[in-house]
Amino acid sequence: MEEINVNGTLVWYYFVCKRQVWLMAHNILPNQDDENIKIGKLLHERTYQKDKKEISLGNVKIDVISKDKGYFMVGEVKKSSKYMKSAKMQLAYYLLELKRHGIDGYGMLMFPKERKKEEINLTDDLIEELEIIEIDIVKICSREFPPNVEKIPLCKNCGYIEFCWS
């Protein structure tokens, strides 16, 4: 396998299912016809249009970015706040990547269906946690085989279900 490039999606999956981390890193994509994936894409395409300015920074693609009071506001749109820890850490990872490039900012998690937003700020504790997670993600992805299947609540709505339970 070529060099593992940690990105926000892998950070998201890290808090949901380590097996998904391995699958995604090995270019095994989830079922694109999965209803949850379709809903996520639709939300991505149709919400917060005025703030959409997709930028790429290394391995990171930021969907929503704007300037506010001299700082960059990085937004991440999610269909639900159900996986808040995953969403928070994904967005914090984007902020860390910006910081590594000398750009200060803050994050905003946006849940349009719930009409809810939550501000995320990059703290020293978050940076330390993310650096440990990066190392662990590389370890997971460097394995020859994916982690063992574990039955978790997300399985019933997962686009990777056929890779685990077929």
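**Ground rules.** I am working with a predicted model, where local features need pLDDT of at least 70, side-chain atom pairs count only at pLDDT 80 or more, and totals for chains, interfaces and linings use all residues. Residues are numbered from 1 along each chain as its sequence is written, and side-chain values use heavy atoms, with hydrogens and water left out.

**Fold.** I found 6 helices and 5 strands in the protein chain, in the order α-α-α-β-β-β-α-β-β-α-α. These are DSSP runs (helices H or I, at least four residues; strands E, at least two), numbered from the N terminus.

**Core.** I looked up burial next: 42% of the 166 residues count as buried, meaning under 20% relative accessible area with a 1.4 Å probe, protein chains only. The largest nonpolar core has 41 residues, and Val 11, Val 21 and Ile 62 are among those with the most contacts inside it. Such a core is a set of buried Ala, Val, Leu, Ile, Met, Phe, Trp, Tyr and Cys residues joined through side-chain atoms within 4.5 Å. Helix α4 (84-100) is one of the elements giving two or more residues to this core, and α4 gives the most, with 9 residues.

Which residues does Val 21 touch? Leaving out residues up to four places away in sequence, I noted Leu 10, Tyr 13, Tyr 14, Ile 137, Ile 140 and Cys 141; contact here means heavy atoms within 4.5 Å.

**Helix α6.** Last, I checked Ile 161, which lies in helix α6 (residues 161-165). Its relative accessible area is 34%, so I logged Ile 161 as partly exposed, the class between buried and exposed (over 50%).
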